[in-house]
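Here is a short briefing for anyone meeting this structure for the first time. Take a look at the sequence and the model, then read on.

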Amino acid sequence: MDPCPFVRLIIESLALKLPLSTKTAGSGVYPSTSTPCYCTFRIKNFPPQTALLPLCSAAVTNTSPPDSAMSSAEFHIDAATLRRLSGKPVTLRVSIYKGRMGRTCGITSGKLLGRVHVGINLGGADSRAAVFQNGWTKLGREPDYPTARLHLTVRTEPDPRYVFQFGGEPECSPVVFQIQGNIRQPVFSCKFSADRNARSRSLPSDFATNNTRGWRRTFSGEKEKPGRERKGWMIMVHDLFGSPVAAASMITPFVPSPGSDRVSRSNPGAWLILRPHGFSVSTWKPWGRLEAWRDRGSSDGLGYKFELVSDTGLSGGIPIAEGTMGVKKGGQFCIDSRLNDSLAMATASRVSPVRGFVMSSTVEGEGKVSKPVVQVGVQHVTCMADAALFIALSAAIDLSMDSCRLFSHKLRKEFWHDEHESFSFP
């Protein structure tokens, strides 16, 4: 498999240092140390991004970097955009504000302190790293007037990825293609199955006897009426030789919370992502667990949480992705350590294997034809079986849009449970 060129534009080491003459005033142009500051990043034809801006100690000199070197924003540039922008001037526009982030009546709440422009050359960025800004820069133009200073590092680094696309909707058992430019090559085939009579057929033979507390709810305890649960869904991923290389299996039924027609966060449904274990095709091992539910709010959203199954046991899952996407427009499922700040506290006491970008998958909204496009970082794929795991995970998050659909809505015929065929592991 040959990857596609991608480039990651990283903005990090942000800090704001205020002039000593005005820093303690608290009521002038510049904020006091207790006033929050933030900045926005804009590149033409890219969605803008926003990040909090820490204030730096006055003891820090203009030649020393700030204490923090965490990434604050990233722009992911694909091959087509690289070709379009190569050799052309690209400008990163950084606007610094005091006050709280957000907008009131369509107007930015913060007060503008200044702007910084950084020129970026993307020529050759897919093959070598480059730094375009690393240090302090003044927000004002008056050479003799004390002004605030912004510290930031702007750099690019190659980020090659494998790109796949489902040839159809996951529930239609499609072929999966690898994409490279205008070339589409079939690499996997999928088989979807729905069997509501199977209670544990989706588990590896040694899984049900192990400690599954917190991972598998007892189906016999369910009080829902027939038709008020969605369970038994499974999608198998096969290689071109027809051998199963990954699977996504619904381990916890999707049921509506009492008195409603939606799957709640307090009682989510769940999938296990499985990989072959050993030399026998009938032996499987859990790799990850995906929970999904339907969030309430001003607009309904599909909530999700993905955990890696640790080698120490099923009760020691490591959360690496969590978020919400709109059920109307859909969104993107992404595993990226730089984007999942909400999981920082949950993983603080554990060693997370996630570093940088891992994968992303597109998800269409309810009622729309969904052919997920999957991107996987090359450092996370050593063989076809590794890629198949991400394909199975992508199918699971896409199918969760259907399994979390309001129970007052009827699903399409592909989700009707098999009556004459029981599909199971070989």
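**A first look**

Asn 45 counts as exposed because its relative accessibility is 60%; exposed means over 50% relative accessible area, buried under 20%, and partly exposed in between (1.4 Å probe, protein chains only). This is a predicted model, in which local features need pLDDT of at least 70, side-chain atom pairs count only at pLDDT 80 or more, and totals for chains, interfaces and linings use all residues. Residues are numbered from 1 along each chain as its sequence is written, and side-chain values use heavy atoms, with hydrogens and water left out.

- Asn 45 is not a glycine, yet its phi is positive, at about 70 degrees.
- Asn 45 sits in the loop between strand 2 (37-42) and strand 3 (49-52); helices (H or I, at least four residues) and strands (E, at least two) are DSSP runs, numbered from the N terminus.
- Ser 13, also not a glycine, has a positive phi near 55 degrees, and it belongs to strand 1 (residues 7-17).
- Ser 13 counts as buried, because its relative accessibility is 10%.

**Around Val 378**

- Val 378 lies in the loop that runs between strand 22 (373-377) and helix 3 (384-403).
- With 23% relative accessibility, Val 378 counts as partly exposed.
- Leaving aside residues up to four places away in sequence, Val 378 touches Pro 3, Pro 160, Arg 161 and Tyr 162, where contact means heavy atoms within 4.5 Å.
- Pro 3 and Val 378 are 375 residues apart in sequence, but their C-alpha atoms are 7.1 Å apart in space.

**Helix 3**

- Helix 3 is largely enclosed by the rest of the structure, because 18 of its 20 residues are buried.
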